[in-house]
Amino acid sequence: MDEQRMESSPVTHAANPTNLVVAIDGPSGSGKSSVSKAVARALGAAYLDTGAMYRAITYSVLEAGTDLSDADAIAQAVRAAKLEISVDPDREQVVIGDTVVTDAIREPRISEQVSAVATNLEARAELVRRQREIIAANERIVAEGRDITTVVAPDAEARILLTASEQARLRRRGIQLGGTQDANQLQAQVLERDKKDSTVVNFTQAADGVITVDSSDLDFEQTVAAVLDAIATAAKK
């Protein structure tokens with residue numbers, strides 16, 4: 001089956017030495033969120049977790065009892081959603097409607113169902129629009145997700161694909177979840193989700209101009225340093 005890819009107009013940034021948009025993509029369990037937060041702190045930049053936006057919508061439609069196979073219903077839910085997300089790397093908060101869902105969206109049931117939203121092209125288009133607005137409103141920002149380097153902000157000053165081996169990603173997600181998930185559950189949350197999401201966006205191979213950072217054999221501090229080095233390299237080009 002041919003893969004569907006979403007294409008739309010990128011965000012543009014005025015030439016300004018104070019502007020710094022860092023786009024980071026990668027598969028589940030690669031460390032995108034924790035590394036991106038640390039990088040944002042180091043750069044004195046805002047931080048946008050685009051995956052949290054998809055998770056918040058997933059939480060909302062599940063709570064509403066929406067049929068996840070009803071693509072039109074999900075698209076409408078996204079368009080109507082009142083969604084707020086903090087861009088402070090030291091203050092994680094996600095609000096959908098009037099409900100704070102910061103912790104709830106990290107539950108395994110959300111991870112297992114989020115692809116129903118992430119693979120809906122109309123839903124993606126609306127969330128991409130909102131993500132671009134957030135990026136444009138911040139002079140310095142680190143945005144991470146699946147399609148930031150290729151769709152949301154392909155003209156970012158630095159574009160990075162943060163990846164890791166399958167074994168490393170499964171191990172890290174298991175640790176993150178405190179050993180509460182068995183091997184099959186981890187496979188579903190990491191590998192199966194990646195397989196589904198890859199039908200609409202490529203986050204496993206670096207596009208032209210995107211620097212790959214492989215963290216398989218790096219610890220957290222080494223990975224942050226490698227990403228900062230990649231940003232410095234991109235800035236020199």
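Biologist: Is Glu92 buried, partly exposed or exposed?

Modeller: This is a predicted model, in which local features need pLDDT of at least 70 and side-chain atom pairs pLDDT 80 or more, while totals for chains, interfaces and linings use all residues. Residues are numbered from 1 along each chain as its sequence is written, and side-chain values use heavy atoms, without hydrogens and water. Buried means under 20% relative accessible area, exposed over 50%, and partly exposed in between (1.4 Å probe, protein chains only). Glu92 has 40% relative accessibility and is therefore partly exposed.

Biologist: With which side chain does Glu92 meet in a salt bridge at 3.2 Å, N to O?

Modeller: A salt bridge is a side-chain nitrogen of Lys or Arg within 4 Å of a carboxyl oxygen of Asp or Glu. The partner of Glu92 at 3.2 Å is Arg106. This pair links distant parts of the chain, 14 residues apart: Glu92 lies in the loop between strand 3 and strand 4, and its partner in the loop between strand 5 and helix 4. Helices (H or I, at least four residues) and strands (E, at least two) are DSSP runs numbered from the N terminus, and the partner in question is Arg106.

Biologist: Which side chain of opposite charge is nearest to the buried Arg132?

Modeller: Arg132 is found in helix 6 (residues 121-136), and its side chain reaches the backbone oxygen of Val152 at 3.3 Å. Lys and Arg count as positive and Asp and Glu as negative, with His and the chain ends not counted. Arg132 has no salt bridge; at 7.7 Å, the nearest side chain of opposite charge is Asp147.

Biologist: Which strands stand at the edges of the sheet?

Modeller: The open sheet has three strands in the order 3-4-5, with antiparallel pairing. Two strands pair if DSSP finds at least two bridges between them. Each edge strand has a single partner, so one side is left without a neighbour in the sheet; the two are strand 3 (83-85) and strand 5 (99-100).

Biologist: Which residue of strand 4 is the bridge partner of Glu84?

Modeller: Strand 3 and strand 4 (residues 94-96) pair in the antiparallel sense over three bridges. In strand 4, the partner of Glu84 is Val95.

Key. Polar contact = N/O pair within 3.5 Å; in protein donor to acceptor, adjacent residues only side chain to side chain.
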